[in-house]
Amino acid sequence: MPMWVQLRCGLEPRTLAALTVVLIAASVFAAYHFWTGRPQTVRAPVRETPAAVAAPTAAAMPTAAAVPTGDPASIRPSGVVVVDVAGKVRRPGIQRLPSGSRVVDALNAAGGSRPGTDTTGLNRARVLTDGEQIVVGATASPPAPGPVGNAGGPGGPGGLGGSGSPSGPISLNAATVEQLDTLPGVGPVLAQHIIDYRNRHGGFRSVDELRQVNGIGNRRFTDLRPLVQP
């Protein structure tokens, strides 16, 4: 330090040395903070792009055949017929059988007919059609009074004998107006309604469709159900 400063301030050498050390330390500290606090260029963070979602392959996408839509009957497995076995059988109800099965197969699937049941009115060798109903051991009620000669001849559609009384359930898809007229509560007008419904819809698939015929209510349907078949 210049001598004139020492003489001017009256500082001793030791005091002057200590002051010099303090000034140097302060200068170093200030320079350090100035250096570390200087503005710095900040790099923008790298934007991560999401991984591309792989498009589903054709094998992973469901095909039209694998997605069930519409009426449950339309998704029934191929090669199967569904029939309703009613009447005097051990296990009445819906039976699912392979295509080409016959009436006797449906009877066996339902546990067979009950003891003493008359099955002579059934054609057990007939091939089953999907949606039909098989009534076992139904006894026909006496026919309603009507004009003489309404009954069909022996062996005609519906199983009518020469006496005019049905020997088994009448086929809704094959009976004539005269044969339907022999059923209890069915006159010529209602019989014609049944024929008209059959022609419009391509036949009866089940006896339950009788409910949709004009003029047949719940009570009349209950009376007719054991006496007819598709």
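These legends accompany close-up views of a predicted model. Residues are numbered from 1 along each chain as its sequence is written, and side-chain values use heavy atoms, with hydrogens and water left out. Because the model is predicted, local features need pLDDT of at least 70 and side-chain atom pairs count only at pLDDT 80 or more, whereas totals for chains, interfaces and linings use all residues.

**View 1. Helix H5 (188-201) and its two sides**. Helices (H or I, at least four residues) and strands (E, at least two) are DSSP runs, numbered from the N terminus. The buried residues of H5, among them Leu 190, Ile 194 and Tyr 197, fall within an arc of 160° seen down the helix axis, so they line one face; the arc is that of the directions from the axis to the C-beta atoms. Buried means under 20% relative accessible area, exposed over 50%, and partly exposed in between (1.4 Å probe, protein chains only). On the other side of H5, Pro 188, Val 189, Asn 199 and Arg 200 are exposed.

**View 2. The salt bridge of Arg 225 and Asp 84**. A salt bridge is a side-chain nitrogen of Lys or Arg within 4 Å of a carboxyl oxygen of Asp or Glu, and here the N to O distance is 3.6 Å. Arg 225, in the loop between H6 and strand E5 (228-229), and Asp 84, in strand E1 (residues 80-87), are 141 residues apart. Asp 84 is buried at 18% relative accessible area, while Arg 225 is partly exposed at 29%.

**View 3. The salt bridge of Arg 205 and Glu 209**. The closest N and O atoms of this pair are 3.4 Å apart. Arg 205 is exposed, at 61% relative accessibility, whereas Glu 209 is buried, at 9%.
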